[in-house]
Amino acid sequence: MAKSKLSNRENQIMEILWARGEASIREIHEALPAKKRPGYTTVQTMVNRMEAKAVVRRVRKVGNFHIFAATVSRQLVQRRLVDELLALFNGRSQPVMAHMIESGNLTLEDVKEAEKTLRKLARKEKP
């Protein structure tokens, strides 16, 4: 994945492509929320810029339009966003976790799942 960040709107476009697998500019445009939907040519420009960033690619041409697909996974983009967030806190996750708990965005089930993951990682690290 290119080192350039994705904007909120670019992330919306990626969500559409991850959900559908492939889509034309028109399909992407129509899938965006109607309330704040940008113009068709704006979406076209954004997708072309995303292609230059190597996060989407043209998979085929149908008639006079192209079909696009994501070239990076949702997981990769999410990991990158989390890494960027943690970098703002000098790599410390505790302030982020404390905020998530205080705001009610981290449930007991989330904590249990995190504990499972930590145990798995600890077993892998043991010789």
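In α3, the buried residues (under 20% relative accessible area, with exposed meaning over 50% and partly exposed in between, using a 1.4 Å probe and protein chains only) are V43, M46, V47 and M50. They sit on the same side of α3, because they cover an arc of only 100° around the axis; that arc is taken from the directions from the helix axis to the C-beta atoms. Turn to the other side of α3 and you find T41, R49 and A52, which are exposed. Here's a handy rule: an α-helix has 3.6 residues a turn, so residues three or four places apart point the same way.

What do the buried residues of α3 pack against? They pack against α1, α2, β2 and β3, where contact means heavy atoms within 4.5 Å. α3 has 13 residues and reaches 19 Å from its first C-alpha to its last, close to the 18 Å expected at 1.5 Å a residue; the expected span is 1.5 Å times one less than the number of residues. Just after α3 comes A54, with a positive phi of about 70°.

## What you're looking at

A quick word on the model: it is predicted, so local features need pLDDT of at least 70 and side-chain atom pairs count only at pLDDT 80 or more, while totals for chains, interfaces and linings use all residues. Residues are numbered from 1 along each chain as its sequence is written, and side-chain values use heavy atoms, with hydrogens and water left out. Helices (H or I, at least four residues) and strands (E, at least two) are DSSP runs, numbered from the N terminus.

## The sheet

Three strands make an open sheet in the order β1-β3-β2, with antiparallel pairing. Two strands count as paired if DSSP finds at least two bridges between them. β1 and β3 (residues 65–70) pair over two bridges, while β2 and β3 pair over six bridges.

Let's follow some bridge partners. I67 in β3 is the bridge partner of S24, and I67 is also the bridge partner of R60. V62 has F65 in β3 as its bridge partner. β2 and β3 form a hairpin with two residues between them, and G63 in the turn has a positive phi of about 65°.

S24 itself lies in strand β1 (residues 23–24). Is S24 buried or exposed? S24 counts as buried, because its relative accessibility is 5%. Leaving aside residues up to four places away in sequence, S24 touches F65, H66 and I67.

## Helix α1 across the sheet

Helix α1 (residues 8–20) lies across β1, β2 and β3, and runs at about 90° to β3. Helix α3 (residues 40–52) packs on the sheet too, touching β2 and β3, and its direction makes about 120° with that of β2. Those angles run from 0 to 180 degrees between N-to-C directions, with axes as lines fitted to C-alpha atoms, for helices over the stretch in contact.

The buried residues of α1 are E10, N11, I13, M14, I16, L17 and W18. They pack against β1, α2, α3, β2, β3 and α4 (74–88). After α1 comes G21, whose phi is positive, near 90°.

Q12 is also in α1, but Q12 counts as partly exposed, because its relative accessibility is 29%. Q12 touches L32 and P33, not counting residues up to four places away in sequence. The C-alpha atoms of Q12 and A31 are 9.4 Å apart, although the two residues are 19 residues apart along the chain.

## The nonpolar core

A nonpolar core is a set of buried Ala, Val, Leu, Ile, Met, Phe, Trp, Tyr and Cys residues joined through side-chain atoms within 4.5 Å. How many residues does the largest one have? The largest has 19 residues, and those with the most contacts inside it are I13, M14, I28, V47, V55 and V56. The elements giving two or more residues to this core are α1, α2 (25–31) and α3. α1 gives the most, with five residues.

Take I28 as an example: I28 touches I13, I16, L17, A23, V43 and V47, leaving out residues up to four places away in sequence.
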